[in-house]
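Please look over the sequence and the model shown below before reading on. The briefing is meant for a reader who is meeting this structure for the first time.

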Amino acid sequence: MQSTASVSNRINASKPWYRHPWPWLLMLGPLVVVIAGSYTAWLAFTRQDALVVDDYYKQGKAINQDLRRDRVAASMRLKLNIRYDVAAGILSGTISNLAQPDARKLELSLLHSTLPSKDMRLEVRPDAQGNFSVALPMLDMARWQVLVEGEQRDWRLNGVWSWPHEREVEIRAEAS
């Protein structure tokens, strides 16, 4: 009889479920998943999808025009050298077509690889030798897409510049 009395005393004296650590430990996993899922949903709804193109067909048609402009630049044998002086805050460079410098107004675009808000469009006017310089605030450490277009947008040069790993970059138009 003593054994059944001690068992019943133990049952009556046991703690309620919420006083034991095991139920809480078992509930911790699903709770973490719910919190992580809620945070992911919040990120998805509050952040803009910057890399998604609305009209992919129109974008595809534009690629063919860009290839034509690349071929024009290759036929002109265009070459661009740019470098950035951090201390002076000046982006300088030279554009040449190996026969004569292109002294027209140019649009130089520095496009950030992931953040469109950091993109920069600069208007440059090369001198008779094709040299130019333009004031530029601090250039972020990034992989920049460099795009140079003529005044009439009849040609373009494009390339990649990993700043500050590459202090200067040379971009040549290549025939495709």
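What follows is a short briefing, grouped by topic.

The structure is a predicted model. Its largest nonpolar core has 29 residues, and 7 salt bridges are found in the structure.

**Nonpolar core and surface patch**

- Within the largest nonpolar core, the residues with the most contacts are Leu80, Leu91, Leu157 and Trp161, while strand 6 (residues 142–149) gives the most to this core, with 4 residues.
- In soluble globular proteins, nonpolar side chains tend to be buried together.

**Strands 6 and 7**

- Strand 6 pairs with strand 7 (residues 156–163) in the antiparallel sense over 8 bridges, and Arg143 has Ser162 in strand 7 as its bridge partner.
- The two strands form a hairpin with 6 residues between them, and Arg153 in the turn has a positive phi of about 60 degrees.

**Val124 and its surroundings**

- Val124 lies in strand 4 (residues 120–124) and is buried, because its relative accessible area of 3% is under the 20% cut-off.
- Leaving aside residues up to four places away in sequence, Val124 touches Arg104, Lys105, Leu106, Phe132 and Val134.
- The C-alpha atom of Val124 is 9.8 Å from that of Val148, a residue 24 residues apart from Val124 along the chain.

**Salt bridges**

- Arg156 and Asp70 form a salt bridge in which the closest N and O atoms are 2.7 Å apart; the pair links distant parts of the chain, with Arg156 in strand 7 and Asp70 in helix 3 (residues 56–76), 86 residues apart.
- Both Arg156 and Asp70 are buried.
- Lys105 and Glu123 meet through their side chains in a salt bridge of 4.0 Å, N to O, which links the loop between strand 2 (90–96) and strand 3 (106–112) to strand 4.
- Of these two partners, Lys105 is partly exposed at 23% relative accessible area, whereas Glu123 counts as exposed at 54%.
- Glu149 forms a salt bridge with Arg153, with the closest N and O atoms 2.2 Å apart, and salt bridges that share partners join Arg69, Glu107, Glu149 and Arg153 into one network.
- Glu149 is buried, with a relative accessible area of 7%, whereas Arg153 is partly exposed at 40%.

Conventions: Residues are numbered from 1 along each chain as its sequence is written. This is a predicted model: local features need pLDDT of at least 70, side-chain atom pairs count only at pLDDT 80 or more; totals for chains, interfaces and linings use all residues. Side-chain values use heavy atoms; hydrogens and water are left out. A nonpolar core is a set of buried Ala, Val, Leu, Ile, Met, Phe, Trp, Tyr and Cys residues joined through side-chain atoms within 4.5 Å. Buried means under 20% relative accessible area, exposed over 50%, partly exposed in between (1.4 Å probe, protein chains only). Contact means heavy atoms within 4.5 Å. Two strands pair if DSSP finds at least two bridges between them.
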